[in-house]
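Open the model in your viewer and keep the selection tool at hand. The stops below go from the whole chain to single residues.

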Amino acid sequence: MWRLVPPKLGRLSRSLKLAALGSLLVLMVLHSPSLLASWQRNELTDRRFLQLNKCPACFGTSWCRRFLNGQVVFEAWGRLRLLDFLNVKNVYFAQYGEPREGGRRRVVLKRLGSQRELAQLDQSICKRATGRPRCDLLQAMPRTEFARLNGDVRLLTPEAVEGWSDLVHCPSQRLLDRLVRRYAETKDSGSFLLRNLKDSERMQLLLTLAFNPEPLVLQSFPSDEGWPFAKYLGACGRMVAVNYVGEELWSYFNAPWEKRVDLAWQLMEIAEQLTNNDFEFALYLLDVSFDNFAVGPRDGKVIIVDAENVLVADKRLIRQNKPENWDVWYESKFDDCDKEACLSFSKEILCARATVDHNYYAVCQNLLSRHATWRGTSGGLLHDPPSEIAKEGRLEALLDECANPKKRYGRFQAAKELREYLAQLSDNVR
C-alpha cells in the first residue's frame, strides 16, 4: 500500500502572530505572583509533573534520581506552564549537572507526544483494561497487551509486536534481540532474554515500542558506535532526556555556501550509512524535514534528532527468506505534492527488497534539491550556488536525477556521484 506522508501534525508555527501572542502572554504572566513562584520552583523534581505516578505506563525510570535530586533544571521560558500551549510537541530545553563533574550541560527533554496523544494513550489503556475511559493506570496495565510477555517468557518475538510502530513494521528476531539487549531502562541490560527484565520493565518497553519508539532507536543504534542519532540519556516517568546536539538544520538554510556544501555531503553520507552498513540493517527515514536534523556547534556534525519514524528492515533476513522480487532494485516514486516535506513510499516494499533507494530519495527531495520546500521557502539547502558551479550544471543535474530520476536506476548512480561531487566541492572550498 502506498503512503503519501505529509509532515507530522503539531509542528510549531513560527509566524509573527504567534510570536506577538507569546510576547503578550509573557508580559501578562510576569505580573502574576503565582507564576513568578512557578518560575522559581523546579517542577522537574515533581513526581506528578514527570508523570512518574503513571508507571509502568511510562517510558522508564533510569534518570529519576537525577530529576528528583534537582540535577535537571528547565531553561528560561520552559519554567512557565502557561506557555505550554505553544509547545505542541512537548519538547523542552534544560540544564543538567553532575555534582562531581561541576558545570552544567544542555539537554533536551521530550514527552514523546502531544498532550492530546498522551491523553489518548491513557484512555486507550483504560478502555482495554476496564471498558471505561478513566482508571488507575497502575492497576490497568497488567490487563492490557503490554503485559502479554510478563512472567516466564523467554524472548520478544516478531509475532508479538509486528506492526506496532514503524520500528517494528517488519521486525526480525535479530532486531528484537538487539532492542532487548540494549534496553537502557533496566539495571540488567546486556541480555536479549526477556526473563531478565522485571514485569514493569517489560511493560514499559512494549508501551514505548507502541507509542513512540524513538528512545529504542537511539538505544539500539547509539551515537557512541557511530550511528547518526542523538545520544539517549535516560527517562523518568513520561519525560525522556537526550543530549542536546545544536541548532536545527533549518537555521543553516542561508549559511555560507561552503558550510551548506559540507552539510549536504554529510546528509548524503547519512543516507548511505543507514542504507548500507556492516550490520545489514537498513534504517529507512520516513519523516525527513529540516527540523529533524541538527548540527553540532563545535564539530559541525549533522545528527538526526527526531527518530520516531524509522523503519528497520533486516537485509540478512530478506536474503534468507527471498520474498517475491527481493533482489530487484527498488526505485522510490517521486511525488511532487503540494505539501511540505512529504514522501511517497510503501512500507511493505521497504521490508521486502534488499536494495532500496528510499533514503537517497528522501534526502534529495526534501532537503537538497529544488523540489525541497519548507516554511514557505524552496530551492533546498543547495540553493543559489556560486556562478561557476551553476554554469557547469553538474550539481543541478545530479540533484534532479537523485530527486526525480529520468533513467532506470538513475537515482542509485546519481546518489553515488553526488556524494563524490559534494566531497570534492567540500575539499575545494575549505
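Predicted model: local features only at pLDDT ≥ 70, side-chain atom pairs only at ≥ 80, totals over all residues.

Residues are numbered from 1 along each chain as its sequence is written, and side-chain values use heavy atoms, with hydrogens and water left out.

**Whole protein.** Show the cartoon: the protein has 16 helices and 14 strands, taken as DSSP runs (helices H or I, at least four residues; strands E, at least two) and numbered from the N terminus. Contact means heavy atoms within 4.5 Å; among contacts between residues at least 6 apart in sequence, 70% join residues at least 24 apart.

**Nonpolar cores.** A nonpolar core is a set of buried Ala, Val, Leu, Ile, Met, Phe, Trp, Tyr and Cys residues joined through side-chain atoms within 4.5 Å. Select Phe229 and Met268, which touch the most other members of the largest core, a set of 108 residues. Next select residues 257-275, helix α10, which gives the most to this core, with 9 residues. Apart from this core lies another, of 20 residues, including Leu44, Trp63, Cys64 and Val72. Back at Phe229, show its neighbours: leaving out residues up to four places away in sequence, Phe229 touches Val217, Leu218, Phe221, Ser223, Leu274, Leu283, Ile303, Ile304 and Ala307.

**Second largest pocket.** This pocket holds about 410 Å³ of space. Select Asn243, Tyr244, Val245, Gly296 and Asp299, the closest to its centre of the 15 lining residues.

**Helix α15.** Select residues 394-403. Of the 10 residues in helix α15, 7 are buried, so the helix is largely enclosed by the rest of the structure. The buried ones are Leu395, Leu398, Leu399, Asp400, Glu401, Cys402 and Ala403. Finally, draw a distance from the C-alpha atom of Ala397 to that of Leu418, 21 residues apart along the chain: the separation is 9.6 Å.

Definitions and conventions. Buried < 20%, exposed > 50% of the residue type's maximum accessible area, 1.4 Å probe, protein only. 1 Å grid on protein atoms, 1.4 Å probe; cavity = no way out; pocket = protein on both sides within 12 Å on 5 of 7 lines; lining within 4 Å. Points joined across faces, edges and corners; volume = space filled by probe spheres on them.
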